[in-house]
Amino acid sequence: MKITIEKIQQQLTSQKADAWIMLDYENHNPTFRALIGDKFLTRKIVLVIPPQGKPYIIAHVIDSAFLKDPETTSRFDLVLYKTWKEMLQAEKTRFSSYSTVLMDVSEHGLLPRVSLADYGSVQFIKDLGIEVRSSADILQSLTATLSEDQLASQEDACKKALRIKDEAFALIAKETKQKGHTDEFTIQQFIARRFKEEGMVFDEDPIVAIGKNAGDPHYGPTKDCFSLIKEGDLVLIDMWAKNAAPGSVYADITWMGYVGHEVPKIYAERFAIIKKARDGVISFLKEQLPLRKVLAYEADDVARKIITDAGFGDAFVHRVGHSITDDVSCHGAGANLDNFESHDARELMDDTSFSDEPGIYTPEFGMRTETDLHIKNRELLVLGGLQDEIIPLL
């Protein structure tokens, strides 16, 4: 989604904030850069957007040469300073009418994508008697909501990924029957090649891991380090890719297979637990989204309680889901289903997508099930398929 002043001001009005105060230094803040453009700026700069009227920039005189172009001055007023004392006085004067502002902060600094404002700058504004609230939800609304075309691209990517997943499991079965084995790296590279043949792109190769290797959630085979896949092995495939067209959104799915005719009881019982946790999240969201504002961490709580009650809480070592957008990787800028790695109190908004991927990881073997979810008009859509049981491959 294109970030515009108009959209920001609409959000500020709805959140009843007097301004969004955005800080930057040498183009490190991506939202600032999206609004101002890539400019040669070398001093601290403050961008202030009120809910009405023209936004303004507090900048050093040395940087002003790069801020006086017609496009910038038509959109922003300039307030220039020479010394640090002048900078602080400009902030004090300009902010004197504000009672509540948004800044790029998060509770206890737990959301790194949001927490871009430095402690001293935030504290100075608080010392002026101004309440500082997080810009987390306004950032999410600008960077993580999908258009209709983007949602269609994600649905298409999920269909392709599910088809390629089936092909990968079929290849495991074929090679095992013909040669007695295949290997993780061969299957990984098959999936990567098929993605490219389908016109898709991805940041890293997919994960293909047998039992013990799957105990590490981010294990990945390489050409120099991989394990054979043979009869009796449990196989995890985690794969993510998006169409190559600009703005396309990722599919991110994980499925489990067993190289044999009948899935052993221990695997089936363990999978039933994570399936229950995954489906618990879906049921919770389908019930609650039409009724109220749902916070992202609440979904993590649902899945984690199910796995903990089954006796595997210590073996569920990651959040239950992450935002999915058109980012470089499948980990997007929106709310994560997380009350484990962080306490993500962002709202689960309309037009956002995220994964639902509970797992259990023990030294003997690991497993995970993952689908992609999307919220549309307060209803939950399941995009990435739902695995009901481990697939016997022979």
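What is the volume of the largest pocket? The largest pocket has a volume of about 430 Å³. The structure is a predicted model, in which local features need pLDDT of at least 70 and side-chain atom pairs count only at pLDDT 80 or more, while totals for chains, interfaces and linings use all residues. Residues are numbered from 1 along each chain as its sequence is written, and side-chain values use heavy atoms, with hydrogens and water left out.

**Overall architecture**

- The chain holds 10 helices and 19 strands; helices (H or I, at least four residues) and strands (E, at least two) are DSSP runs, numbered from the N terminus.
- Taken along the principal axes, the C-alpha atoms of the chain fill a box of roughly 75 × 40 × 35 Å.
- Of the 394 residues in the chain, 55% are buried; buried means under 20% relative accessible area, exposed over 50%, and partly exposed in between, with a 1.4 Å probe and protein chains only.
- Among contacts with a separation of 6 or more, 66% join residues 24 or more positions apart; a contact means heavy atoms within 4.5 Å.

**The largest pocket**

- A pocket is found on a 1 Å grid over the protein atoms alone, as an open set of points where a 1.4 Å probe fits, with protein on both sides within 12 Å along at least five of seven lines; lining residues have an atom within 4 Å of a point.
- Grid points are joined across faces, edges and corners, and the volume is the space filled by probe spheres set on the points.
- The lining of the largest pocket consists of 20 residues, and Pro30, Thr31, Arg113, Thr143 and Ala333 lie nearest the centre.
- Two or more lining residues come from each of α2 (30-36) and α6 (136-143), and α6 gives the most, with 5 residues.
- By class, the lining has 10 nonpolar, 5 polar and 5 charged residues; Ala, Val, Leu, Ile, Met, Phe, Trp, Tyr, Cys and Pro count as nonpolar, Asp, Glu, Lys and Arg as charged, and the others, Gly among them, as polar.

- The 14 residues of helix α8 (residues 184-197) should span 20 Å at 1.5 Å a residue, and the end C-alpha atoms are 20 Å apart, which agrees; the expected span is 1.5 Å times one less than the number of residues.
- The buried residues of α8 are Glu184, Ile187, Gln188, Phe190, Ile191, Ala192, Arg194 and Phe195.
- These buried residues pack against several elements, including α7 (148-179), β9 (207-210) and β11 (234-243).
- Val208 lies in strand β9 and counts as buried, at 0% relative accessibility.
- Beyond the neighbours within four places in sequence, Val208 is in contact with residues that include Glu184, Ile187, Gln188 and Ile191.
- Val208 and Val122 are 86 residues apart in sequence, and their C-alpha atoms are 45 Å apart in space.

**Helix α10**

- Helix α10 (residues 296-309) has 14 residues and reaches 21 Å from its first C-alpha to its last, close to the expected 20 Å.
- Ala296, Glu298, Ala299, Asp300, Ala303, Arg304, Ile306 and Ile307 are the buried residues of α10, and their cover includes α9 (265-288) and β15 (359-361).
- Gly311 follows α10 and has a positive phi, near 95 degrees.

**Loop residues**

- Glu341 is in the loop between β13 (323-324) and β14 (353-356) and is partly exposed, with a relative accessible area of 43%.
- Leaving aside neighbours within four places in sequence, Glu341 is in contact with His318 and Arg319.
- Glu341 and Pro51 are 290 residues apart in sequence and 34 Å apart in space, C-alpha to C-alpha.
- Asp351 is also found in the loop between β13 and β14; this residue is partly exposed at 22% relative accessibility, and its phi is positive, near 70 degrees, although Asp351 is not a glycine.
- Arg378, in the loop between β17 (371-376) and β18 (379-382), is another residue other than glycine with a positive phi, about 65 degrees.

**Cysteines**

- The structure holds 0 disulfides, a disulfide being a pair of cysteine sulfur atoms within 2.5 Å.
- The closest cysteine sulfur to that of Cys158 is in Cys330, at 11 Å, so the two are too far apart for a bond.
- Cys158 is buried, with a relative accessible area of 0%, whereas Cys225 is partly exposed, at 48%.
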